[in-house]
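Subject: Structure for you to look at

Hello,

Here is the structure I promised to pass on. Please open it first, then read my notes below.

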Amino acid sequence: MTSILSLLVVTSIIFFVSRVYGDPINNFIPDEGYGLQPEEIKKVKERLHLDRAVPVQYAFWIGDLLRGDLGEDLRDRHPIAPKLRERIWPTVQLAGLAFIVATCVGIPLGVLAAYRRGTPWDYGGRLFAVIGHSLPSFWVGIVAILVFSVMLKWLPSATQGIDGINWKNYIMPTLVLAWLPMAGYTRLVRSSMLEILDSEFVKLARAKGVSTRGVVWRHGLRNATIAPLTFAGVLLAGLVSGSVAVETVFAWPGIARWGVTAVYSNNLNVLSIVTLVFTVFYVVASFLVDVLYVYVDPRIRYS
Amino acid sequence: MKIPDSELAVQTGRTIAIPKFWRITKLRSLRRWPIISGTILFSIVSFAILGTFVVSTDPEAVSLRHITDPPMWLDGGSSEFPLGTDSLGRDVFSRLVFGARISLIVALVALISGITIGTMLGLIAGWFGGMVDEIITRIVDVWLGFPFILVALVVSLAVGRGFGTLIFLLATLAWTPFVRQVRGEVLTLKSRDYVLLSQTLGASTFRIMRKHLLPGVSNTVVVVATFQTASLILVEAFLSFLGAGIPAPAPAWGNMIAEGRGYLQDAWWISVFPGLAILLTTASLSFLGDWIRDFTDPQLKQLD
């Protein structure tokens, strides 16, 4: 229910606000109008429903969407659906890879920092967490390009279109995108791990003779993963804005950059779809997190 | 969350060596104060306030004879431009100083409105509970799901870029964490004896909020505010980088990074220094926030 509401609110904001700075018809027909007669322009407007009031247009758009029609790109008049299919894959790949890297590095790092509290591991982990939170990811991307592409010439700075991606293209964007969630994981896992290592049941397990490793990984980790899940919302939102940053800096052929260029060119239909996709991603992911939550923490049961 | 070392040794089955460095008591008491981050923040803020007294060069003055001069410690650099010049021959250092002013003002104004709205909604949601609470919490949830950057881009292009737009956009982003944290805090404060007593004596809702709840949540608000300032500065830089922030000739950190992007090969300093300035500011704010939290309320959970 909330999720549907959120989808409606986001898309309607985009729809109404983008109208303030220009009629999308100007995209379709340049000022000179290709020698089009006013009647013909009117016809085009009618076909795209652009002659109606904005709320009516919005209703039309929702209706088309429910029938599976994503509309057409206002720039080149091609339907959006195949373009979206083409561009969504690189974005999903990048975000997925980054998420995996962040989880696989961030959680062990947090456990290590908590377990070896007060050692260089701990200080290193905490410093990394703070720096990770404090750096703008677009700048990290630029510096990475400066060091690895410009100075060392090891990695390519940008992709050669959708077909031109090879494994070397993945390295920098993935790491830069993973940077922020990784720092978040380290920080959260460390603090909740410290709390858990102090709890009664861990002491009992120790007293029963469970090995250190068993306590940390079996009893500790399971409980320590609950904390990052609580903040999954913030993390997911960070992943979305992070993709915008990374795809812009590395010229990644995904939907985030598509959305940014659509903003600049007042390409209403593309923009609405991209925003919708991001919101849907967020809604679905938070739903999955809720489900996972119950699975990881059996104390929570939905009534 | 402070665990005595001896106890931790019991749990994990090993003694934890605290580096000798911290064992010296004097340093330990020093460690209680966030000296480094405090100093950094203090100097950045004073640079921002005293801008014109610190740097004599106009941040927007173009000098064609000094295009992409390197920083003073590199070959060809001069002490006239300590951190080099950008592609139009403008002094990077003076742009950094004036950029600090813009970034801080924008973040602070947005923060203040965020605190006001967020705390108020948090108090209301926590105190009244029920339907009101449900609605406010739902609004926050919906808000968090926004692809904020894209919406902000559209809005800033529609309304026109500038100070006002940027502050408005950041303010719409700033309030949510305050609602969440304050609401949680109020839920526990609600059942405290002094609040109940005050209610029994017939105090008005407004009076209870002002006299009993607001002081109770103020610690939380301060802590959230430090972290939130850091993230607002980051978002501001990103919006400026995308061209949706402060319009071009004005020096903003995000603008500078964007401008230097095309000159990485020949003049890395244009992009690198503003990023370092952002890092120093936000990292110091995080450390400061951590410290305030530990100092005022060791029970408070880690935020994000």
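Predicted model: local features only at pLDDT ≥ 70, side-chain atom pairs only at ≥ 80, totals over all residues.

**A helix pair in chain B**

Start with helix 9 (residues 176–189) and helix 11 (residues 205–241) of chain B. Their axes come within 9 Å and cross at roughly 150°. Helix 9 of chain B and helix 11 of chain B are therefore roughly antiparallel to each other. Their crossing is right-handed.

Which residues of helix 9 of chain B meet helix 11 of chain B? On the helix 9 side they are B:Pro177, B:Phe178, B:Gln181, B:Val182, B:Glu185, B:Val186 and B:Leu189. Facing them from helix 11 of chain B are B:Leu213, B:Gly216, B:Val217, B:Thr220, B:Val221, B:Val224 and B:Gln228. By class, this contact of helix 9 with helix 11 of chain B has 9 nonpolar, 4 polar and 1 charged residues.

**Chain B as a whole**

Chain B has 13 helices and 0 strands. It has 304 residues, and buried ones make up 44% of them. Take the contacts in chain B with a separation of 6 or more: 69% of them join residues 24 or more positions apart.

One loop residue is worth a look. B:Tyr263 sits between helix 12 (253–260) and helix 13 of chain B. Is B:Tyr263 buried or partly exposed? B:Tyr263 has 16 other C-beta atoms within 10 Å, and a residue needs 20 or more to be buried. So B:Tyr263 is partly exposed. From B:Gln228, B:Tyr263 is 35 residues away in sequence and 32 Å away in space, C-alpha to C-alpha.

**Where the chains meet**

In chain B, 49 residues are in contact with 59 residues of chain A. On the chain B side, the elements giving two or more residues are helix 1 (5–12), helix 6 (130–144), helix 7 (148–159), helix 11 and helix 13 (269–296). The residues on that side divide into 34 nonpolar, 10 polar and 5 charged.

**The core**

The largest nonpolar core has 148 residues. Those with the most contacts inside it come from both chains: A:Val111, A:Val274, B:Ala152, B:Leu153, B:Val154, B:Leu170 and B:Phe238. Helix 11 of chain B gives this core its largest share, 16 residues. A:Val274 touches A:Ile255, A:Trp258, A:Gly259, A:Ala262 and B:Leu150, leaving aside residues up to four places away in sequence.

**An enclosed helix in chain A**

Why is helix 13 (residues 255–264) of chain A largely enclosed by the rest of the structure? Because 8 of its 10 residues are buried. They are A:Ile255, A:Ala256, A:Arg257, A:Trp258, A:Gly259, A:Val260, A:Ala262 and A:Val263. Their cover includes helix 5 (80–115), helix 12 (232–249) and helix 14 (268–296) of chain A, together with helix 7 of chain B.

Helix 12 and helix 14 of chain A have axes 10 Å apart, at an angle of about 150°. That makes helix 12 of chain A roughly antiparallel to helix 14 of chain A. Helix 12 passes helix 14 of chain A in a right-handed crossing. From helix 12 of chain A, the contact uses A:Ala232, A:Gly233, A:Leu236, A:Ala237 and A:Val240. Helix 14 of chain A supplies A:Phe278, A:Tyr282, A:Ala285, A:Ser286 and A:Val289. These residues divide into 8 nonpolar, 2 polar and no charged.

Best wishes

Technical notes. Residues numbered from 1 in each chain as written. Chains lettered and ligands numbered in written order. Axes fitted to C-alpha atoms, helices over the stretch in contact; angles between N-to-C directions. Helix = DSSP H or I, 4+ residues; strand = E, 2+ residues; numbered from the N terminus. Parallel < 35°, antiparallel > 145°, perpendicular 65-115°, else oblique. Left-handed = near helix turned anticlockwise from the far one by under 90°. Contact = placed C-beta atoms within 7 Å. Nonpolar A, V, L, I, M, F, W, Y, C, P; charged D, E, K, R; others polar. Buried ≥ 20, exposed ≤ 12 C-beta atoms within 10 Å, placed from the backbone. Core = buried A, V, L, I, M, F, W, Y, C linked by C-beta atoms within 7 Å.
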